[in-house]
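Subject: Structure handover

Hello,

Here is the structure you are taking over. Please open it first, then read the notes below it.

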Amino acid sequence: MKLIRICALFVMLLPAVFLLLADAVAEEPSKVVRVGWFDSSYNNIDGSGRRTGYSYEYQQKIAAYTGWNYEYVEGNWGQLVQKLINGEIDMLGGVSYTEARANVVQFSSYPMGTEEYYLFMNGDKVAEYNEDFSYFNGKKIGVNKQSVQLEFFKEWEKQHNIQTELIELPDGESKSMKLLKDGEIDGFVSVDNYLSVENIVPVVKIGYSDFFFAVSKKRSDILDELNVAMGKIQDENRYYGDELFIKYIRNSRAITYLTHDEQQWLSEHKTIRVGYVDDYLAYCAKDKETEQVTGALKDYLRKARTSFSNGILNFETKAYDSISDAMSAMQRGEVDTVFPSNLSVYDAEEAGVLITPSIVNANLYLVVRASNVEYLKDMQYIKVAVVGGDDNYESIVKTKYYNWQIYNCDNVHACIRDVANGKAEGFLISNYRYNSISRLCSQYHLVALDTAKDLDFRFAVKKGDMELYSIVAKTTNIVPTSYVHASLTKYFSEEGKMTVWELICDNKAIVIFLITLIISMLWLIVVQNRLIRAKNEAKKHSMKVRELSHRVFVDALTSVRNKGGYDDYILHLKERIKKKDVVEFGICMFDCDNLKVINDKYGHEKGDVYLKTAAKAICEVFQHSPVFRIGGDEFTLILLNEDFKNRTELINLFKVNCNTVNEQAKNDWEQIHISIGCAVSELSNMASVDDVLRKADQLMYENKRKRKGSKEVR
């Protein structure tokens, strides 16, 4: 009986014990992580005294997945690296990987991003340098103590047979830059985003490398949490690092400086003469009152004028009736550059011009008869109206819709009229230009379908004008795309405004209806019913067009499936797993090493050859597995059935095939160097698709880091 009472008492007290334990767990404080803080684009205090920067925002994102709280420890770079080694801080962002550092600290599995290193000079001395590397012989060159830039600069010296007086500086970027400004040193090697000191100019690119979060060896407990969090950030947004780069670093980089040759070109030419297409709002047009350029081009040139830290750009504009006329004028030497150019790379080469990176992209609309929407839903074989001499839209059709037939018209109004009367089936136009023809389209009962294709707007420069091309191309990276979109929206809205008279003219039926309201009630009901049906039909057609935009899943370069196809396949794979149609599967990540090196050294054309060679090698081995190109240099394949069972043999065969190709290759871009990460879900160890993908990605990056240490990755 006594034993029974004791047991009953224990059972009664058990819930209370659990509640106490639960409270203890709930009240467990968040983990505090001591992070290094050095003044730079990675860690900064804004004008309101608030923290900001690339590393700071990345750390806050990590905290969202780990629950960490941060304690910020300030110091210069050398001090913080030593504190990390000593265990006085737990984590430091923006650290490049080296074997020596890997012996004393731990690195995250995922890189934070990529940084470039430049040799900076006092702006007053740049003319003496005149882009002659021998100038640096015997000069005092500073570099941060314990920084990765030190080894990069030594290698650069050796490569160019230069002998400088190399000085390791312990006091951080700000004091080192002051030494340079005061003339106590002749140059300073640093990351390209440290440009906060006036009249300090980047002159030579020394090298580049990935940078990571580094963790003290005394805090191994946070490394796994860090890697899991960064993996989840990659799952959430694979381009998170790129977005931080654009936000914090892009416009503080060396690209905001004009080189000596670029400054000399501007000195000789005084102005950049820009030819543009008239009557092309919201992009550009000649203002009828001022006879000056208006539209987004006007705002872009105003912004670009002061975009460089060491020079002002002066522009002179001239309007032409068509892009063909503007291009011909550039070839005759009347203007230096032309806007807008929508030419493909191939058509630009054929025309003897160079095209800059895009300043903005827009949606491409196909204007069709409202009664013809269902017939044209597949957009396969269409006779499309194009203004004669409009090289841009002829290039667009030949590049994006090579099955279409081009039907030439005299002008835009003729294109619209001929679509309405059935001589052509459609007319292509940018979404920002549609307001200029929307009322005319309404009159002809035409509607606009979104083709789900992007249209890039660029400048064209005559081939051979290398310095001008470099100047204009730099402005496309400096002037924010958001600024151009805002400008286009402004002019797009203005183009859509109507006067009272235009409103009456465009709605004559409504005006007549109001006058004859009493005797036309029945007609009103019929019109209302038609409007309702038209609205419902428009919704149906819109849904069908959106569905169509998700069906094109092939990568144009490598002919494997693209990111859209990958997302679609993963979605269906999850459904099959849920239905138990698939029990075992694997995911392999392939990252093409050294692509940036090949692009920088041999050009993007050779980089494309490298990517196609890699894709072919993957497909030849994994013949029964779907292969996807999900990023610039990344491929993914899904292992099922026989390929899953034979995965080890296939991976070994792939490596053997790569070695064979590399032995026979005559050029760097014909070789295949790939970092691989494969993960599986088996009956004995089931895992979700996201977990397998994350594990494969992590293994691939670990493989890349090992290969980098063995010099396979440059």
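A residue counts as buried when its relative accessible area is under 20%. Asp 90 is at 1%, so it is buried. Keep in mind throughout that this is a predicted model.

**Salt bridges**

Start with the charged pairs. How many salt bridges does a search of the whole structure find? The total is 31.

Asp 90 is in one of them. Its side chain meets that of Arg 34 in a salt bridge, at 2.8 Å from N to O. This pair links distant parts of the chain, 56 residues apart. Asp 90 sits in the loop between helix H3 (77–86) and strand E5 (91–96). Arg 34 belongs to strand E1, which covers residues 32–37. Arg 34 is partly exposed, with 25% relative accessibility, whereas Asp 90 is buried.

The two also belong to a network of salt bridges. Linked with Asp 90 and Arg 34 there are Lys 31, Arg 219, Asp 221 and Glu 225.

Take Asp 46 and Arg 50. They form a salt bridge whose closest N and O atoms are 3.3 Å apart. Asp 46 is partly exposed, at 24% relative accessible area. Arg 50 is exposed, at 53%.

Then go to Asp 600 and Lys 596. Their salt bridge has its closest N and O atoms 2.9 Å apart. Both lie in helix H23 (residues 595–602). They are four residues apart there, which means a separation of about one helical turn. Asp 600 is partly exposed, with a relative accessible area of 47%. Lys 596 is partly exposed too, at 33%.

**Cysteines**

Which cysteines form a disulfide? They are Cys 588 and Cys 678, with sulfur atoms 2.2 Å apart. The search of the whole structure finds one disulfide. Its link is right-handed, with 115 degrees about the S-S bond. Cys 588 lies in strand E23 (residues 585–592) and Cys 678 in strand E26 (residues 674–681), so the pair ties together parts 90 residues apart in sequence.

The two partners can be told apart by their accessibility. Cys 588 is buried, with a relative accessible area of 0%. Cys 678 is partly exposed, at 24%.

Now look at Cys 409. It is in no disulfide. The nearest cysteine sulfur is that of Cys 415, 3.8 Å away. Cys 409 is buried, at 6% relative accessibility. Cys 284 is another buried cysteine, at 0%.

**A patch of negative charge**

Last, turn to the surface. Which residues gather in a patch of negative charge there? They are Glu 349, Glu 350, Glu 605 and Asp 608. Two helices supply at least two residues each: H13 (345–351) and H24 (604–621). Glu 605 lies in helix H24. Is Glu 605 buried or exposed? Its relative accessibility is 64%, so Glu 605 counts as exposed.

**Where to click**

For a quick tour, begin with the salt bridge of Asp 90 and Arg 34. Go on to the disulfide of Cys 588 and Cys 678. Finish at the negative patch, where helices H13 and H24 both supply residues.

Best wishes

How values were computed: Residues are numbered from 1 along each chain as its sequence is written. This is a predicted model: local features need pLDDT of at least 70, side-chain atom pairs count only at pLDDT 80 or more; totals for chains, interfaces and linings use all residues. Side-chain values use heavy atoms; hydrogens and water are left out. Patches are made of residues with over 30% relative accessible area and no salt bridge: like charges are joined within 9 Å, nonpolar side chains (Val, Leu, Ile, Met, Phe, Trp, Tyr) within 5 Å. Accessible areas come from the Shrake-Rupley method with a 1.4 Å probe; for residues, only the protein chains shown count as cover. A salt bridge is a side-chain nitrogen of Lys or Arg within 4 Å of a carboxyl oxygen of Asp or Glu. Lys and Arg count as positive and Asp and Glu as negative; His and the chain ends are not counted. The place of a charge is taken as NZ of Lys, CZ of Arg, CG of Asp or CD of Glu. Buried means under 20% relative accessible area, exposed over 50%, partly exposed in between (1.4 Å probe, protein chains only). A disulfide is a pair of cysteine sulfur atoms within 2.5 Å.
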